[in-house]
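Work through the following exercises with the model open beside you, and try each task before reading its solution.

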Amino acid sequence: MTDFDEIITRDTPEDIKYGKIAGIDDLIPMWVADMDFRCPEEVREALSSLSQRGIFGYSEADSSYDLALTGWFKRRYDYDVDPKTVLKLPGVVLGISLVIRSLTSTGDHILILEPLYGPIARAVKGNGRNLVISDLSRKGTHYDIDFDDMERKITENNVKMFILCNPHNPAGRVWTRDELTRIGDICVKNDVIIVSDEIHADFVYGSNRHIPIASLSDEINKITVTCTSPTKTFNLAGIQAANIIIADDGMRHEVDKMSLTTGAFGLNIMGIAATKAAYTYGEGWLEDLLRYLEGNIELVKDRLKDTKLKVMDIEGTYLMWIDASSLGVKDPAKYLLDKTHIRFSEGSFFGKSGEDFIRMNIACRRSLVNEALGRLTKLLFLE
Ligand SMILES: Cc1ncc(COP(=O)(O)O)c(C=O)c1O
């Protein structure tokens with residue numbers, strides 16, 4: 001069993017998460033969404049045998065890759081994926097951007113639910129499309145979709161595309177079958193393409209289950225682009241790999257054409273080897289990891305209850321969304337970095353409704369989570 005408690009230093013100059021901040025030599029980085037854990041041993045072996053061979057020529061995933069990929073989705077989500085519907089790309093955000101460019105026109109309206117992982121809104125706006133926001137509705141520590149608002153905004157703005165995030169980063173929701181069915185019905189009825197970013201699909205806790213929205217019905221499958229990747233699950237972000245599933249031949253053809261036009265297509269040789277090994281051998285490692293992350297989550301919830309930091313419910317992802325408005329400061333992440341030397345993601349990165357929040361990445365060894373909680377509670381109880 002993997003020792004997730006192991007202390008692993010990430011102090012290379014290229015490392016973004018652990019990047020140095022002037023004047024701070026005891027930084028605890030709990031921001032960008034990668035983990036401090038080593039990937040599964042079989043993935044390391046696959047990469048190391050490739051590098052020993054020393055041949056890094058142009059490469060293409062073959063049928064053994066397809067088998068590993070489709071097997072994963074079938075076993076984990078009972079989701080049948082036809083390998084011919086999968087576009088391989090060096091990243092989910094890139095995939096979303098290509099999909100926006102190829103399936104909508106300049107000036108079209110695209111809907112998202114905020115707060116939401118910032119690069120999605122950036123991809124919409126940067127590609128010259130109009131961003132339409134429906135804010136998630138908050139009840140205490142729980143977020144819901146305001147379906148009336150969503151549908152009204154779709155019809156009023158003649159929205160062409162809806163970008164869903166499931167599980168939702170940063171709201172921590174794993175959308176239920178009922179919620180996904182309502183989303184699907186609204187989009188089918190209003191001729192809206194669904195782009196479902198499911199990069200966090202494998203991080204789901206308790207009785208929650210990840211349901212790929214495309215798996216709900218043929219009708220929904222036909223209008224959906226599903227963005228998946230092994231990079232969050234197996235901590236391979238630097239390898240840059242994504243699998244974008246588009247069942248509809250016409251839509252897939254358009255995205256593929258855009259991908260070839262821009263030269264942004266295919267996986268690199270490391271991405272192919274890592275993905276294949278991860279999806280073939282990584283299930284046991286993932287199950288152990290999920291139990292470990294649940295332990296970290298419980299610890300944070302327990303130690304921060306009755307403090308000024310209000311932890312939102314977390315059904316999925318390893319990113320805890322925390323309301324810091326009671327601190328009464330303009331930029332809570334900056335304030336806490338100054339006071340505790342813990343680096344959180346700034347809530348404003350996730351849109352206007354996130355401004356009073358911080359996002360805490362708990363995918364690191366428990367001793368570091370404990371150290372961070374010690375610093376936080378000391379500050380909060382002193383105030
Ligand atoms: C919801 C979501 N989508 C996409 C990404 C990034 O994916 P990629 O590195 O494949 O572009 C992240 C990374 O944190 C994310 O949280």
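**Exercise 1.** How many residues does the largest nonpolar core have, and which residues have the most contacts inside it?

*Solution.* In this predicted model, the largest nonpolar core has 113 residues, and Met 161 and Val 195 are those with the most contacts inside it.

**Exercise 2.** Find which residues Val 195 is in contact with, leaving aside its neighbours within four places in sequence.

*Solution.* Once those sequence neighbours are set aside, the contacts of Val 195 are Ile 96, Val 99, Met 161, Ile 163, Leu 164, Val 225 and Cys 227.

**Exercise 3.** Decide which residues of helix H4 (residues 118-126) are buried, and where they sit around the axis.

*Solution.* Begin with the buried residues of H4, among which are Ile 120, Ala 123 and Val 124. These cover an arc of only 100° around the axis, so they are on the same side of H4. The face turned away from that buried side carries Lys 125 and Gly 126, which are exposed.

**Exercise 4.** Describe the surroundings of the ligand by class of residue.

*Solution.* The ligand is surrounded by 13 residues, and the closest are Ala 33, Gly 91, Val 92, Val 93 and Tyr 117. Sorted by class, this shell has eight nonpolar, four polar and one charged residues.

Notes. Residues are numbered from 1 along each chain as its sequence is written. This is a predicted model: local features need pLDDT of at least 70, side-chain atom pairs count only at pLDDT 80 or more; totals for chains, interfaces and linings use all residues. A nonpolar core is a set of buried Ala, Val, Leu, Ile, Met, Phe, Trp, Tyr and Cys residues joined through C-beta atoms within 7 Å. A residue is buried if 20 or more other C-beta atoms lie within 10 Å of its own, exposed if 12 or fewer, and partly exposed in between; C-beta atoms are placed from the backbone. Two residues are in contact if their C-beta atoms, placed from the backbone, lie within 7 Å. A residue is near a molecule or strand if its C-beta atom, placed from the backbone, lies within 6 Å of it. Ala, Val, Leu, Ile, Met, Phe, Trp, Tyr, Cys and Pro count as nonpolar, Asp, Glu, Lys and Arg as charged, and the others, Gly among them, as polar. Helices (H or I, at least four residues) and strands (E, at least two) are DSSP runs, numbered from the N terminus. The arc is that of the directions from the helix axis to the C-beta atoms.
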